[in-house]
Amino acid sequence: MAEIQPETMKGATLNIAAENRAQLKQLFPTVFTETRNDKGELTESIDFEKLKAELGTFSDTFESRRERYGMEWPGKKEALHLIQSLSSATLKPCRQESVNFDTTENLFIEGDNLEVLKLLQTSYYGKVKMIYIDPPYNTGKEFIYPDNFSESLETYLEYAGLIDGKGKKFSTNTANEGRFHTKWLNMIYPRLYLARNLLRDDGVIFISIDDNEVSNLRKMCDEIFGEENFVAVFPWKKRTTKSDVPFGVSQDYEWIVAFTKGELQAGVAYERKYYQTNDFTGDRWRLSDLTKQTAAAERPNSAFDMLDPKTGKLYPFNPQRVWAVTEDTFPEYYRKGKIVFPDDYDFLNITIPAFRVFESEDKVKAIRKFGSDEAMKAVSTFLPKEIGMNENGNKEMLDLFGSKLFSFPKPVSLVKYFVSMISDTSAIVLDFFARSATTAHAVLGLNKQDNGSRKFILVQLPEPCTPESEAFKAGYNTIADIGKERIRRVINKLNTEQEGKLDLDNAGKQDRGFKVLKLDKSNFRQWQKLEPSASTEQILDQLSLHIDHIDPKAAPEELLYEILLKAGFTLTGTIETKTISGKELFSVSDGALLLCLEESVTNELIDAVIELNPQQFLCLDRAFHGNDQLKANAVQTFNAHNMQKEKHNQILFKTV
Ligand SMILES: C[S@@+](CC[C@H](N)C(=O)[O-])C[C@H]1O[C@@H](n2cnc3c(N)ncnc32)[C@H](O)[C@@H]1O
């Protein structure tokens, strides 16, 4: 037992100012706030105008302050800029660390999740069904990655040791800046904002959090997701032993805050207002978006001009957002009264046809928002008692690694529970604060249980393991290394679990693999320096002006993945190599994209490509060797082809 020692006397005199502030805080806690000082550092400050108001002396400045409802903190504006600035990075594939690289649809991305979320915006926009995250809780003990507003990729490259081989250390949130809410809010806000874009319209996000930030998180989610899309706060019991805390109340619970994406991002946002009309006396109804986040090329059957049978008016389809019904299913929907045309009711102010959703349908849907076998039964916010606690998470790591690599990974049963609330068993599940990869473990395990084909995308910073940590002693340099190793071990375990033998049958059918990608700077020089406001179109156009702009060390596969990301293709579509007209081409997603990285192209190749009718054809600009005639000819050949085709059957031709 530690010897009981008298408190050592401190030589320093009382810090009177600090003492006064502490007393003031005791009396008027609401006047204390967080601001940035002239040097841009965060400090705790006193709102003197508010203090005067508390003392009954309202000043003019205080009186004229604009009151408004909402959430403000210093840095919110910069956080918004950060969201809008484009990433100048890429994701480099890493075959040797992956399992079943060529066939898997699971991803493990190593990097800062802000940059990664930005990079995924084009390819994964509206594709993710469920997000589970367990971000830093702002306990004051954990590391919060510093977002450098102007050069976030540079910061990352230094951090990950990709610039000089030596990783740069950043202090924890406590070390010299205090545990500010502001810092945490600035960290989480842009990430949640970008994450929402990746969700499908019917997608849902679950966020683990504890008492430190739960109230801020909920407010922020109200702002980002809309408070009407709030689902629940699920309490999760994390321990049975009582902890020693002020006020004698042991905080044994954490929270899982859940929001749906709702329909805000849909093509048309309709007010959620029910109408009662004479034609449907039994049920009230509301409007909902009749377009879908799908391009005409992906869904040609839904790309048709919709005719209002009553008026004969024609409503053309939007090639970027086709109808949510097909030409064949439209008559049936119309017959059932599910489609409302702009001329149907005088009181409606709509310009294109909309869906009619009956109140009775909403009631059923509200209950099974996440869909489940027990569709009609509401789920309680109280989690079933089988859900594990922190100790189960520790044990799961111990079982896999034989030692406790770090404290408090979430138990697999907790993440499984939320993933299984989603009825879609082929859903994409994203976790961008992955650490020990519990979410991958949950997805792979659940797929084995119910023969599902859910896919995961995990993102984790290569946060260095401290030299004194058990993980470091066990040979792991970074937390990302542990995450990847866990997935490998889980895959081995699942593959061999069946009666101790390799369950080849099942292993063959299920996706027991994952593709590792790492955040790095772009392989294309001009993509490394982008104007924050440049659009993808501008970036692609700008490319043709430069010769020799490709990093000579970049492997073709690295160029391929960067182009996939920037051209909006997922990173897990089929990729084949084809020899066409004597040239090697990458054929992506069953030929939707044809990419030629050869050093020269010919007229014959262009003709052969047109025969194959891809959505996009990309080749190197330098492959024309400055032969403007050849280039102009290629452009004209594609133009001539496109002129004879409907928009969704045209071929987009670009050079890189
Ligand atoms: C609370 S832990 C997640 C625990 C995880 N659910 C588990 O079961 O092990 C949060 C993780 O987020 C990671 N992280 C923090 N900032 C990040 C960032 N900017 N990008 C990616 N990962 C980050 C940290 O390295 C840490 O591993």
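Residues are numbered from 1 along each chain as its sequence is written, and side-chain values use heavy atoms, with hydrogens and water left out. In this predicted model, local features need pLDDT of at least 70 and side-chain atom pairs count only at pLDDT 80 or more, while totals for chains, interfaces and linings use all residues.

**Overview**

The protein chain holds 22 helices and 21 strands. Helices (H or I, at least four residues) and strands (E, at least two) are DSSP runs, numbered from the N terminus. The chain has 656 residues, and 49% of them count as buried. Buried means under 20% relative accessible area, exposed means over 50%, and partly exposed lies in between (1.4 Å probe, protein chains only). A contact means heavy atoms within 4.5 Å. Among contacts in the protein chain with a separation of 6 or more, 70% join residues 24 or more positions apart.

**Nonpolar cores**

A nonpolar core is a set of buried Ala, Val, Leu, Ile, Met, Phe, Trp, Tyr and Cys residues joined through side-chain atoms within 4.5 Å. The largest one has 95 residues, and Leu91, Leu192 and Phe617 have the most contacts inside it. Helix H8 (residues 181-198) gives the most to this core, with nine residues. Apart from this core lies another, of 50 residues, among them Trp236, Val429, Ile482 and Ile491. Not counting residues up to four places away in sequence, Leu91 touches several residues, including Ile109, Val116, Leu119 and Leu120. Others that Leu91 touches include Leu517, Tyr561, Leu565 and Leu571.

**Two helix pairs**

The table gives the packing of two pairs of helices. Axes are lines fitted to C-alpha atoms, for helices over the stretch in contact, and angles run from 0 to 180 degrees between N-to-C directions.

| Helix pair | Angle | Axes apart |
|---|---|---|
| H5 (residues 113-124) and H8 | about 20 degrees | 9 Å |
| H21 (residues 603-612) and H22 (residues 628-643) | about 20 degrees | 10 Å |

Because of its angle, H5 is roughly parallel to H8, and H21 is likewise roughly parallel to H22. Angles under 35 degrees count as roughly parallel, over 145 as roughly antiparallel, 65 to 115 as roughly perpendicular and the rest as oblique. The crossing of H5 and H8 is left-handed, while H21 passes H22 in a right-handed crossing. A crossing is left-handed if the near helix is turned anticlockwise from the far one by less than a right angle, and right-handed if clockwise.

In the contact of H5 with H8, residues of H5 including Leu114, Leu117 and Tyr124 meet residues of H8 including Pro190, Leu194 and Leu198. By class, this contact has eight nonpolar, three polar and two charged residues. Ala, Val, Leu, Ile, Met, Phe, Trp, Tyr, Cys and Pro count as nonpolar, Asp, Glu, Lys and Arg as charged, and the others, Gly among them, as polar.

In the second pair, Asn603, Ile606, Asp607, Val609 and Ile610 of H21 meet Leu630, Asn633, Ala634, Thr637, Phe638 and His641 of H22. The contact of H21 with H22 has six nonpolar, four polar and one charged residues.

**Two single residues**

Thr182 is found in helix H8. Thr182 counts as buried because its relative accessibility is 2%. Not counting residues up to four places away in sequence, Thr182 touches Glu34, Leu42, Trp73 and Pro74.

Ser589 sits in the loop between strand E18 (583-588) and strand E19 (593-596). With a relative accessible area of 25%, Ser589 is partly exposed. Ser589 touches Phe569, Gly573 and Thr574, again not counting residues up to four places away in sequence. Ser589 and Gly573 are 16 residues apart along the chain, and their C-alpha atoms are separated by 4.8 Å.
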